[in-house]
Amino acid sequence: MAEGHLSLGGVFAFISYSGYVTGPIMMLLNLRIFFSAIIPSAERLFQILGLEEEPDAGKLKVEQDRGIQIEYRQVSYAYENGRSILKGADIKIAQGEKVAIVGENGSGKTTFLNLLLRFLEPQEGEITVNGTNISEIEADSYRGLFAVVDQAPYLFSGTIRENIDLDLRTDREAFLRACEKSGADSFIAKLPEKEECVIGQNGSMLSGG
Ligand SMILES: Nc1ncnc2c1ncn2[C@@H]1O[C@H](COP(=O)(O)OP(=O)(O)O)[C@@H](O)[C@H]1O
Ligand SMILES: [Mg+2]
């Protein structure tokens, strides 16, 4: 390139070598785009990892040989804003009893249930199962007593099978039994891919209901 002239070979060499310089620079510039895609997921992940662990002081197991009796004794609960939701609630629920908790919107039905599930702790009174205060029962064994169907079920963006059997470790027979018991079998049978049907994020590929 002496004296400002560039030979044909020099042009080719320049073009091919310049890629070695611009390539990494482009990659560095694209890092921002790359990171902007993972930052929201990373934030949510760290939010979950940073959650406080549930204190589990409980050591007792629930004896189930004579069934389960649930009792609320003088249970009171107020959220942080101080307004009481439950005030001295007493209720006894015996084994096999079907109970409907009915009340207006905001009257405290979900709060009542969340207390039973130990998502909340009563400020006064106690909730007992077979006479034992539920806070003294080991969390694993306690949660094993409940099956909850929420108002807004969360569906993962996998297949129906993965949503029913999260770790895919249940044998097929038990899986089919669960489908049958819940009444999901007739709906699954209508799908071309059956339980391998991908339902999309939170069931976006399914119709409501
Ligand atoms: N996390 C919360 N913090 C403060 N107030 C709440 C919270 N959750 C519910 N509440 C209030 O407690 C009351 C009872 O709510 P909830 O138990 O959800 O009622 P229901 O399920 O009967 O509709 C409502 O007034 C609601 O606004
Ligand atoms: Mg509710």
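Predicted model: local features only at pLDDT ≥ 70, side-chain atom pairs only at ≥ 80, totals over all residues.
Is K59 buried or exposed? Residues are numbered from 1 along each chain as its sequence is written, chains are lettered from A and ligands numbered from 1 in the order in which they are written, and side-chain values use heavy atoms, with hydrogens and water left out.

Now to K59. At a relative accessibility of 69%, K59 counts as exposed, where exposed means over 50% relative accessible area, buried means under 20%, and partly exposed lies in between, computed with a 1.4 Å probe and protein chains only. This lysine sits in the loop between α1 (8–49) and β1 (70–78); helices here are DSSP runs of H or I with at least four residues, strands are runs of E with at least two, and both are numbered from the N terminus. Although K59 and E138 are 79 residues apart in sequence, their C-alpha atoms are 4.8 Å apart in space.

Let me step back to the whole chain. The protein chain is divided into domain 1 (2–49), domain 2 (70–143) and domain 3 (160–203), with bounds that come from an automatic or database domain assignment. Taken over C-alpha atoms, the centres of domain 1 and domain 3 are separated by 45 Å. For another pair of positions, consider E193, which is found in the segment after α6 (184–189) and is partly exposed, with a relative accessible area of 46%. E193 and L49 are 144 residues apart along the chain, and their C-alpha atoms are separated by 35 Å.

Next comes the ligand. Which residues surround ligand 1? They are Y79, R83, I85, E104, N105, G106, S107, G108, K109, T110 and T111, where a residue counts as near if one of its heavy atoms lies within 4 Å of the molecule. By class, this shell has 2 nonpolar, 6 polar and 3 charged residues. Helix α2 (residues 109–116) gives the most to the shell, with 3 residues.

Some of these neighbours also make polar contacts, that is, pairs of N or O atoms within 3.5 Å. A backbone N or O atom of G106 lies 2.7 Å from an oxygen atom of ligand 1, and for S107 a backbone N or O atom lies 3.3 Å from an oxygen atom of the ligand. In T111 it is a polar side-chain atom that lies 2.5 Å from an oxygen atom of ligand 1. The protein covers 61% of the 560 Å² of accessible area that ligand 1 has on its own, an area that comes from the Shrake-Rupley method with a 1.4 Å probe.

Now for the cysteines. A disulfide is a covalent bond between the sulfur atoms of two cysteines, and the rule used here asks for a pair of cysteine sulfur atoms within 2.5 Å. By this rule the count comes to 0 disulfides.

Finally, a word on the backbone. Most residues other than glycine have a negative phi. Q74, which is found in strand β1, has a positive phi near 50°, and at 46% relative accessibility it counts as partly exposed. L168 also has a positive phi, of about 55°, although it is not a glycine; L168 is found in the loop between α4 (160–164) and α5 (172–182) and counts as partly exposed at 43% relative accessibility. In helix α5 lies R172, which is partly exposed, with a relative accessible area of 43%. R172 and Y154 are 18 residues apart in sequence and 23 Å apart in space, C-alpha to C-alpha.

Note on methods: Polar contact = N/O pair within 3.5 Å; in protein donor to acceptor, adjacent residues only side chain to side chain. Nonpolar A, V, L, I, M, F, W, Y, C, P; charged D, E, K, R; others polar.
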